[in-house]
Amino acid sequence: MLVRQGEHRGVSADRSLAWSLAGIAGAVNAAGFYAAGLYSSHMTGTVSTMADHLALGEMGAFGMALAIVATFIAGAMVSAMLINAGQRRGLSAIYAYSVCLEALLLAGLGAADVWLHELRGAALVMGLSFLMGLQNAIVTRISNARVRTTHVTGMITDIGIELGNLIDDFYHRNGRDRIRVTLDKLKTHLPTVGSFFLGGVLGVLGYSAWGAMLFVTLAMILAGFAAPVILAEWRTAQ
């Protein structure tokens with residue numbers, strides 16, 4: 001799924017990346033909403049919420065929404081700087097290191113979720129927002145923007161476009177190659193949205209049953225994605 005910097009990424013690698021990390025993002029986003037009543041990666045809705053609260057003079061709620069957007073941006077910024085630094089130093093596994101960082105922070109956030117009390121909801125959703133910005137930037141860079149995993153608006157739009165193209169292709173008897181390209185895109189987007197949805201269902205069930213241990217479990221899964229690539233780089237360096 002994760003490859004080292006400079007290695008070729010095929011369609012199957014992009015699909016594995018999209019499906020796996022979309023499931024993680026869906027679980028994180030839904031569990032965060034279940035726990036705190038706020039989404040951590042839905043920036044369109046959060047910016048609209050900012051506008052609504054500002055217009056109504058509800059400055060506390062406006063400030064919270066602004067903080068969620070700011071932490072998402074901060075996560076993407078940190079991801080970009082980390083990847084750029086790794087590329088300058090010739091670290092071929094820099095994407096895996098970035099995912100490993102996400103795993104460590106997610107595990108730490110799970111631990112903090114146990115200890116925090118009055119500030120738990122705000123700290124949880126902002127921490128998760130930072131991690132979703134981090135993850136989305138990682139996936140955007142590694143896939144050259146072919147894949148997004150923390151939100152599905154763009155993918156659902158793409159599904160509508162490709163279904164329209166498919167109907168048009170069949171009606172006008174366009175070539176098989178064009179139809180095959182459309183079907184390949186649908187084979188990426190449909191399961192990615194499905195993975196996000198399934199992750200959300202499991203995230204709510206997991207958080208209701210295990211609480212913060214859900215985030216620790218997800219962190220272990222993320223670390224499992226990154227570990228083989230990091231170990232391969234270490235063996236190559238020896």
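**Core and helix contacts in a predicted model**

Modeller: In this predicted model, the largest nonpolar core holds 53 residues, and Leu106, Leu128, Phe215, Leu218 and Leu222 touch the most other members. A nonpolar core here is a set of buried Ala, Val, Leu, Ile, Met, Phe, Trp, Tyr and Cys residues joined through side-chain atoms within 4.5 Å.

Colleague: Which elements give two or more residues to this core?

Modeller: They are helices H1 (11–36), H2 (43–55), H3 (59–88), H4 (94–115), H5 (120–142) and H6 (153–171), together with H7 and H8. Helices are DSSP runs of H or I with at least four residues, strands are runs of E with at least two, and both are numbered from the N terminus.

Colleague: And what does Leu106 touch?

Modeller: Not counting residues up to four places away in sequence, Leu106 touches Leu128, Leu131, Phe215, Leu218, Ala219 and Leu222, where contact means heavy atoms within 4.5 Å.

Colleague: What should I know about the numbering and the confidence limits?

Modeller: Residues are numbered from 1 along each chain as its sequence is written. Local features need pLDDT of at least 70 and side-chain atom pairs count only at pLDDT 80 or more, while totals for chains, interfaces and linings use all residues, and side-chain values use heavy atoms, with hydrogens and water left out.

Colleague: Changing topic, at what angle do the axes of H7 and H8 cross?

Modeller: The axes of H7 (residues 176–210) and H8 (residues 213–237) cross at roughly 125° and come within 8 Å. These axes are lines fitted to C-alpha atoms over the stretch in contact, with angles running from 0 to 180 degrees between N-to-C directions. The two helices are therefore oblique to each other, since angles under 35 degrees count as roughly parallel, over 145 as roughly antiparallel, 65 to 115 as roughly perpendicular and the rest as oblique.

Colleague: Which residues meet there?

Modeller: Gly203, Gly206, Tyr207 and Trp210 in H7 meet Met213, Leu214 and Phe215 in H8.

Colleague: Is Gly203 buried or exposed?

Modeller: Gly203 is buried, because its relative accessible area is 0%; buried means under 20%, exposed over 50% and partly exposed in between, with a 1.4 Å probe and protein chains only. Leaving out residues up to four places away in sequence, Gly203 touches Ala27, Ala31 and Leu214.

Colleague: What about Thr182 and Thr44, buried or exposed?

Modeller: Thr182, which lies in H7, is buried at 5% relative accessible area, and beyond its neighbours within four places in sequence it is in contact with Glu162, Asn165, Leu166 and Asp169. Thr44, found in H2, is exposed at 56%.

Colleague: How far apart are the end C-alpha atoms of residues 188–207?

Modeller: They are 28 Å apart, and the chain there is 100% helix and 0% strand.
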